[in-house]
Amino acid sequence: MSQVNVTRDALEQTKVSLQNFQINMEEIPRKMVQHIELSYQKCEAIIYELQEEIDELSAQIHQLKAYIATLQEQLKNVKTEIQIRQEHVNQLERQIDQLEGCISYNEQQIRSLQASNVEGRNNYAIASLEQECGRLRGQIHSCQVQINQERYQIEQLTQRRYSLEQEISICEASLRDLTYKKERKQDKMCRLKSAYYCVQNTCDQLKSMLQNFQYEALVSTSGNIAGIDQCIYALEEYLSV
């Protein structure tokens, strides 16, 4: 009878051990799956943060390109205005040459009339020519004033052109730097996603294996516990006789 009791105690201990194993088999895989899911979340957070950095760089590049386009349009307008004003200066200089030619011709006529001026018969013609020369000189002065004004504006515009060219050069250098940074981060993103998908695939397989192992172990353990219960029941039946 004592041997039967020992056997019954041993079976009870074995049952307890199996029940503890069953509890562990339910808990350990669950914790491992949680750990895997947490790893997924960390990887996805890194990818999300990197994508935000790429998006920020894309926005900066877009804004900088738009700003450069604005500067280039301003530069184009400045160059056009410089050309227009320079052409006006050239036109005024040609006009001065024509006016000086007219003055020179009138002065020649005046000298000729003065040489043949008998009893002041040419005085009126001489006075008219001198008056015409004065009017022409007034036009020359007006042209020279306009030329000085245009040249001043050209000088201001040239400085503006130089400033725009410098700013465009600086912006283009910044654009190249931002583009390089974006390309590096995009390359990093590709490598990170590739590694993540590889790890995800491996972990998914591991999760499947854990779940299968858990299922099989729990089924087997439940069967063993049921078998032990039957043995204990048989022993109790034997002891009760």
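A salt bridge here is a side-chain nitrogen of Lys or Arg within 4 Å of a carboxyl oxygen of Asp or Glu. By that rule, Arg191 and Asp187 are joined by a salt bridge, with N and O 3.1 Å apart, and the structure holds eight salt bridges. You are looking at a predicted model, in which local features need pLDDT of at least 70, side-chain atom pairs count only at pLDDT 80 or more, and totals for chains, interfaces and linings use all residues. Residues are numbered from 1 along each chain as its sequence is written, and side-chain values use heavy atoms, with hydrogens and water left out.

**Salt bridges**

- Side chains of opposite charge can pair when their charged atoms come close.
- Arg191 and Asp187 are four residues apart in helix 2, so about one helical turn separates them; helices are DSSP runs (H or I, at least four residues), numbered from the N terminus.
- Asp187 is partly exposed at 43% relative accessibility, where buried means under 20% relative accessible area, exposed over 50%, and partly exposed in between (1.4 Å probe, protein chains only).
- Glu81, Arg85 and Glu150 form a network of salt bridges.
- Glu150 is buried, with a relative accessible area of 12%, whereas Arg85 is partly exposed at 22% and Glu81 is partly exposed at 32%.

**Negative surface patch**

- Glu49, Glu52, Asp55 and Glu56 form a negative surface patch.
- Patch members have over 30% relative accessible area and no salt bridge, with like charges joined within 9 Å; Asp and Glu count as negative, and the place of a charge is CG of Asp or CD of Glu.
- Glu49, one of the patch residues, lies in helix 1 (residues 2-115) and is partly exposed, with a relative accessible area of 47%.
- Accessible areas come from the Shrake-Rupley method with a 1.4 Å probe, and for residues only the protein chains shown count as cover.

**Cysteines**

- The whole structure has zero disulfides, a disulfide being a pair of cysteine sulfur atoms within 2.5 Å.
- For Cys102, the closest cysteine sulfur is in Cys133, 9.3 Å away, which is too far for a bond.
- Cys102 is partly exposed, at 38% relative accessible area, and Cys43 is partly exposed too, at 29%.

Methods:
Patch = residues over 30% accessible without salt bridge, like charges linked within 9 Å, V, L, I, M, F, W, Y side chains within 5 Å. Helix = DSSP H or I, 4+ residues; strand = E, 2+ residues; numbered from the N terminus.
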